[in-house]
Amino acid sequence: MGRHFIKTKDSRGKVREECYFDYHVVTLPHGSLKLRDNGRIIKKRADTFFNKEPKTIEWINKFKPNSVMIDIGANIGVYSLYAASLGHKVYAFEPQALNYAELCINIFLNNFQDNITAYNIGLSDSNRFGTLQLFNFVPGQSSNTVASFADVAISGARVCEPNQKGVTQGCVVFHLDYLYSLGVLGTPKYVKIDVDGLEPLIIKGGLSALSSVDSILVEVANEAELTELFKIGFKIVDKDKLMPELANYILEKA
């Protein structure tokens, strides 16, 4: 554990402590990372950094030097931070407000402002204003979706109903090909997609951009959700079973 103070000086030069962030330290083979301490879920993410999704770590370790990665569904930034620690440039997307705040704090704590650009937007197959349905309003929480629950069966989103109070948040959604056409994402060679069920819609809205990358890691329930990637020349090269109904698939060009 550690503590980072933010200090400023007033007009008379007196130093003031504005706020502080407690953080967990994750030891890496090549250094360390800081994850802000803000609740049970974030502590668990720090404690399971290397064994929650080991093949994701292995995948990032194989990136070509100085690569560009897009992290769709970045949460608090565990894998964005790891990629940045290896010198890669990351564009991270996380629509949930509390997770986005933690992501930005973690970028700040690790001094990765030049390596990671974070966006508080969702991705799907169109550009629109909408709402984000939250599993719960807790930092580090997953199982949120930009689909309406009436559309869950259609989209395949694997989420739970929000609590009885109905936790929702306004959300701006874009499709990946539109962002790529703006030239704001550099030249990405690696893309991670983990958005709790809307992966097929993101793939549908980003086929042009995805066709030029070297490798994609996608969390889905079955290979049928990857059909559009097969059509543009990708094949599965590895698989990491996360639970009975979910797995990470790593794909490369055939």
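**Exercise 1.** In which sense do strand S8 (residues 128–133) and S9 pair, parallel or antiparallel, and over how many bridges?

*Solution.* The model is a predicted one.
Step 1: S8 and S9 pair in the antiparallel sense, and six bridges join them.
Step 2: for a specific pair, take Gln133, whose bridge partner in S9 is Thr168.

**Exercise 2.** Which residues of helix H2 (residues 54–61) are buried, and why do they lie on the same side of H2?

*Solution.* Step 1: apply the cut-off for burial, under 20% relative accessible area.
Step 1: Thr56, Ile57, Trp59 and Ile60 are the buried residues of H2.
Step 2: these residues cover an arc of only 160 degrees around the axis, so they are on the same side of H2.
Step 3: residues three or four places apart in an α-helix point the same way, because there are 3.6 residues a turn.
Step 4: the elements against which the buried residues of H2 pack include helix H3 (78–85), strand S4 (68–72) and strand S13 (246–253). Strands S10 (190–193) and S11 (215–220) are also among them.

**Exercise 3.** Determine how many residues of H3 are buried, and describe the residue Gly87.

*Solution.* Step 1: eight of the eight residues of H3 are buried, and H3 is mostly covered.
Step 1: the buried residues include Tyr79, Leu81 and Tyr82.
Step 2: Gly87 follows H3 and has a positive phi, near 95 degrees.

How values were computed: Residues are numbered from 1 along each chain as its sequence is written. This is a predicted model: local features need pLDDT of at least 70, side-chain atom pairs count only at pLDDT 80 or more; totals for chains, interfaces and linings use all residues. Side-chain values use heavy atoms; hydrogens and water are left out. Two strands pair if DSSP finds at least two bridges between them. Helices (H or I, at least four residues) and strands (E, at least two) are DSSP runs, numbered from the N terminus. Buried means under 20% relative accessible area, exposed over 50%, partly exposed in between (1.4 Å probe, protein chains only). The arc is that of the directions from the helix axis to the C-beta atoms. Contact means heavy atoms within 4.5 Å.
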